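I opened this entry to look through one chain, piece by piece. My notes follow in the order I looked things up.

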Amino acid sequence: MKTKSASISIIGMGYVGLCTAATFASRGIRTIGIDIDQVRVEQISKGKAPLHEPQLDSMLKNAVRKKLLDATSDISLAADTYATFLTVGTPSQQDGSIDLSYIKNATEDLGNVLRDKPGYHLVVVKSTVVPGTTNGVVKRFLEQSSRKTVGSELGLCTNPEFLKEGTAINDALHPDKIVIGSNDKKSASELTRLYHRFYGSKLPPTILTSPEAAELVKYASNAFLATKVSFINTIANIAEQIPGVDVGKIAEAIGLDPRIGPLFLNAGPGYGGSCFHKDLQALINYSQNKNYDPVMFRATEETNEQQANRVVGLAEKLLGSLPFKRVAVLGLAFKKDTDDIREAASIRVINQLYKKGARVIAYDPMAIPNTRKQLQEQIDYAENARSALKGADCAIIMTEWEEIRKLKAKDFQAHMKTPNVVDARRVYNPEEFSGLNYASIGLGPSTGIKNNSP
Ligand code: UGA
């Protein structure tokens with residue numbers, strides 16, 4: 001399966017690597033996707049995505065059919081390409097720091113196959129790594145195993161990604177920026193040239209900087225977004241104490257200030273996903289090792305952790321007590337349109353409900369198989385939202401799925417034993433739920449006066 005004319009190779013066919021590979025190939029750039037997982041490679045070779053991401057399947061199918069994308073576990077094929085992106089995982093360790101073993105192995109294997117390559121090869125670090133990793137670990141492993149020098153036969157850049165699960169393909173096709181960190185002009189200009197090929201005349205704003213700064217941009221971006229969520233959740237918790245106040249109005253008003261902006265101001269049960277918590281922990285650990293304690297980011301994380309208690313607290317308030325109560329959890333994924341439950345607030349809430357003696361029945365349009373793997377039969381699973389509600393004492397909305405959003409107050413009334421609803425995602429209009437026992441994150445006690453109308 002040698003694709004002589006392939007232009008780039010990508011090591012690590014996880015979420016980022018696969019979406020990057022599919023979008024490069026969709027722009028006519030021949031791409032080789034490399035992964036040690038043979039099953040994954042075979043699946044990708046058939047044009048099938050091993051994970052759920054809208055548009056990815058059809059893009060992969062097309063790319064494979066047009067022979068623009070090959071998947072393989074043979075890393076030696078990277079030497080036939082012009083540039084190699086490293087997109088392997090950097091999972092969290094116990095102390096919050098990141099585990100670099102996948103990066104080290106991939107870099108070493110790549111260096112070995114580049115040893116006999118005549119001519120230039122560009123290596124691009126796309127994995128999320130703390131400042132200093134590209135110029136330290138990656139450069140050292142690459143030079144040692146290839147016996148070549150970065151800056152002459154080898155190019156080396158850091159090029160973080162900002163893809164969001166659920167919209168990754170669109171994000172990759174229309175990014176708000178490209179960040180390139182490099183030590184030498186040639187590496188930076190070669191990578192910029194590749195992106196010129198990708199985006200044509202629509203090259204997004206491109207920030208050229210050092211590898212360390214590019215690495216920090218990625219952490220700064222996720223730390224800011226996570227802090228924005230914890231900020232609005234803090235305001236939500238204050239708003240809950242004030243009669244007639246809804247955090248939605250506060251977010252709407254402050255979001256009009258261009259210095260603040262309207263996005264990422266949806267109060268809820270706390271952020272989840274594979275990135276925010278992992279990256280904040282890594283940044284905190286990194287800073288503390290440099291003798292600086294980033295108090296603000298510790299507060300962002302603590303606020304997030306406590307938000308799950310707030311959700312359970314609302315259920316407790318409506319029910320009086322939790323032991324033996326049947327609680328329907330609607331939504332398990334960390335956000336809508338994904339089957340991903342990593343660090344999902346739903347799991348924190350379920351674990352607490354369970355500890356407090358409630359019986360949980362959960363429903364999610366996509367994430368039940370992943371939840372079952374983690375929680376096994378500790379809870380019950382329902383086939384649809386309505387069957388989850390059957391006989392329930394309380395319902396908690398944990399993910400903003402369209403299907404869940406569409407439920408009406410009468411659906412809860414018709415199926416539940418007692419219609420207690422905790423809207424942790426703020427998907428319903430409180431006025432339409434006024435006939436039920438309804439509590440929502442960020443909603444103060446009712447005054448009887450409608451304050452939602454303009
Ligand atoms: C996040 C970043 O948004 C991406 O830019 C980044 O590339 C990615 O991490 C990564 O580092 O790989 P993602 O984890 O897919 O993307 O999810 P987000 O859409 O950012 O949502 C994260 C969490 O925050 C979700 O649980 C979401 O429900 C929550 N959230 C988001 C809120 O509670 N309120 C909001 O207003 C926005």
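How many bridges join strand E1 to E4? I found four, and the two strands run parallel. I note here that the model is predicted.

**Entry 1: around strand E4**

E1 covers residues 8-11, and E4 covers residues 83-86. Next I checked E4 against strand E5, residues 121-125. They pair in the parallel sense as well, over four bridges. Here Ala83 has Leu122 as its bridge partner in E5.

I then asked what covers E4. Both of its faces are covered. Ala83 and Phe85 are buried on one side, Thr84 and Leu86 on the other. E4, helix H4 (residues 101-114) and E5 form a β-α-β unit, and it is right-handed.

**Entry 2: Lys117**

Lys117 sits in the loop between H4 and E5. Is it buried or exposed? I read a relative accessible area of 13%; buried means under 20%, so Lys117 counts as buried. I listed its contacts, leaving aside neighbours within four places in sequence. They are Ala79, Thr81, Tyr82 and Lys148. The Lys117 side chain also reaches the backbone oxygen of Tyr120, at 3.4 Å.

**Entry 3: the nonpolar cores**

I looked up the largest nonpolar core and found 64 residues in it. Those with the most contacts inside it are Val327, Val329, Leu330, Leu353, Ile396, Phe412 and Tyr428. Helix H11, residues 295-319, gives this core its largest share, six residues. A second, separate core has 42 residues, among them Leu56, Ala71, Cys157 and Tyr195.

I went back to Leu330. Not counting residues up to four places away in sequence, its contacts include Tyr363, Ala385, Leu389, Ile396, Met398, Leu407 and Phe412.

**Entry 4: helix H12**

Why do I call H12 (residues 345-355) largely enclosed? Eight of its 11 residues are buried, so the rest of the structure encloses most of it. The buried ones include Arg348 and Gln352, along with Ile347, Val349, Ile350 and Leu353. I looked up what covers them: the list includes H11, strands E9 (326-330), E10 (359-363) and E12 (394-397), and helix H13 (368-375). Just after H12, I noted that Gly357 takes a positive phi of about 95 degrees.

Key. Residues are numbered from 1 along each chain as its sequence is written. This is a predicted model: local features need pLDDT of at least 70, side-chain atom pairs count only at pLDDT 80 or more; totals for chains, interfaces and linings use all residues. Side-chain values use heavy atoms; hydrogens and water are left out. A nonpolar core is a set of buried Ala, Val, Leu, Ile, Met, Phe, Trp, Tyr and Cys residues joined through side-chain atoms within 4.5 Å. Buried means under 20% relative accessible area, exposed over 50%, partly exposed in between (1.4 Å probe, protein chains only). Contact means heavy atoms within 4.5 Å. Two strands pair if DSSP finds at least two bridges between them. A crossover is right-handed if, with the strands pointing away from the viewer, the path from the first strand over the helix to the second runs clockwise. A polar contact is a pair of N or O atoms within 3.5 Å; within protein, one must be able to donate a hydrogen and the other to accept it, and residues adjacent in sequence count only if both atoms are side-chain atoms.
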